[in-house]
Amino acid sequence: MTTTSDAPDARALFAALPEVDADAQRRLHARLAVAASDAGILDVAYTTLDTPVGPLLVAATDRGLVRVAYAGEGHARVLAQLADSVSPRVLRAPARLAAVVRQMEEYFAGRRTAFDLPLDLRLSSGFRRTVLGHLPEIAYGTTASYAALAALAGSPKAVRAVGTACATNPLPVVVPCHRVVRSDGTIGRYIGGSDAKKALLTLEGAA
Amino acid sequence: MPLAGSSEIGVVHCVGPAGRADVSREPFDKVVERHGPTVLRVCRAVVGPDAADDAWSETFLSAMRAYPQLPAGSNVEAWLVTIAHRKAIDELRAGARRAIPTGDLPQVPSGKDMPGGWESDLWSALRQLPEKQRQSVAYHHLAGLPYAEVAQIIGGTAQAARRAASDGISALRRTYLKPRHGQAAEGEAS
């Protein structure tokens with residue numbers, strides 16, 4: 001990685017020492033994740049899992065699940081945002097996400113109708129957060145209109161703001177914004193794309 | 001020791017190339033991915049195959065602790081090598097305390113990953129170098145740091161660091177490269 005004109009054979013000298021030792025990197029990364037967690041400095045742990053709606057990134061703080069992201073959002077971009085908004089101490093550390101992954105797998109297999117996980121809602125605030133708080137009231141297998149959700153959130157006129165709250169939901173799938181549809185019965189927009197929304201509603205037997 | 005990491009900030013003042021100003025706000029995972037392999041090479045060259053994992057782990061744990069306070073625009077690799085240098089010294093001291101003094105150089109334990117590979121050849125040549133030579137060689141030739149920065153890390157002047165690295169390379173040519181010259185010449189062609 002360096003030009004060493006003062007010792008042109010330095011590269012050859014160290015040729016036996018691998019530039020990248022993938023096995024060692026994996027082993028050391030896993031060890032770092034454990035040590036950082038034990039030391040209380042693993043501020044954001046994340047992993048990814050394959051689902052019928054594509055790979056999902058899931059991230060958790062010590063308080064709970066903080067972010068679920070579809071591939072379309074750009075996982076690298078989402079991690080950069082987490083580094084900015086929560087903490088740059090971000091590591092891939094599947095251990096903290098074990099329960100999340102298990103419940104997600106159960107959900108996508110049709111064996112789970114509600115998530116039972118600690119949630120960290122710090123990425124949402126104000127009215128948006130209020131709206132997110134009411135989303136779990138829409139039962140598995142049912143849908144509600146944006147207007148109905150606005151009423152549920154105590155601001156019947158704030159239909160547009162409810163739409164924004166759903167569009168910026170940091171925890172899609174787990175906080176079920178996919179169950180909010182338009183009053184005319186059409187499916188409406190979704191952070192994971194309307195195909196993913198359709199797939200989730202079909203899985204739940206609501207569409 | 002919640003503040004231990006803070007003392008590791010500000011040691012390296014050199015600023016990276018333009019356009020990398022916000023590199024310190026990257027997820028730490030990116031830092032591990034980008035610099036982990038080089039830091040491991042440096043650790044292996046400075047403390048040997050057995051203590052390298054511990055030195056690497058201590059380095060990145062310490063770096064992660066201090067990372068949120070790392071000034072924007074810092075040269076992350078130089079910062080990591082600075083931390084690794086201190087952790088390597090800790091490992092070497094601990095190793096020396098553990099070692100049973102004998103007249104001869106102890107046999108290098110057979111490599112876990114590559115028996116008869118670099119652990120038994122390159123490391124046995126490296127470990128015979130005086131510490132400053134080994135460090136100067138690793139920080140300049142493996143981490144790519146200029147001698148001025150190597151000097152900041154190991155102490156002394158840039159000229160002294162250059163001389164130590166040059167003496168180290170000469171010694172390695174004699175003790176390690178020469179018997180393997182056929183292979184070395186191939187590597188050189190790249």
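**Sheet, domains and chain contacts in a predicted model**

In chain A, strand β2 (residues 54–60) runs antiparallel to β3(A), and five bridges join the two. The structure is a predicted model, in which local features need pLDDT of at least 70 and side-chain atom pairs count only at pLDDT 80 or more, while totals for chains, interfaces and linings use all residues. Residues are numbered from 1 along each chain as its sequence is written, and chains are lettered from A and ligands numbered from 1 in the order in which they are written. Helices (H or I, at least four residues) and strands (E, at least two) are DSSP runs, numbered from the N terminus.

Axes are lines fitted to C-alpha atoms, for helices over the stretch in contact, and angles run from 0 to 180 degrees between N-to-C directions.

The domain assignment, which is automatic or from a database, divides chain A into domain 1 (22–108) and domain 2 (126–203). The C-alpha centres of these domains of chain A lie 25 Å apart. Eight residues of domain 1 of chain A are in contact with eleven residues of domain 2 of chain A, where contact requires C-beta atoms, placed from the backbone, within 7 Å.

Between the chains, the contact takes 38 residues from chain A and 39 residues from chain B. On the side of chain A that touches chain B, α2(A) provides the largest share, eight residues.

In chain B, helix α4 (residues 131–142) packs against helix α6 (residues 158–177) at an angle of about 95°, with the axes 8 Å apart. The helices α4(B) and α6(B) are therefore roughly perpendicular, a term that covers angles of 65 to 115 degrees. Residues making this contact include B:V137 and B:H140 of α4(B) and B:A164 and B:I169 of α6(B).

Terms used. Angles under 35 degrees count as roughly parallel, over 145 as roughly antiparallel, 65 to 115 as roughly perpendicular and the rest as oblique. Two residues are in contact if their C-beta atoms, placed from the backbone, lie within 7 Å. Two strands pair if DSSP finds at least two bridges between them.
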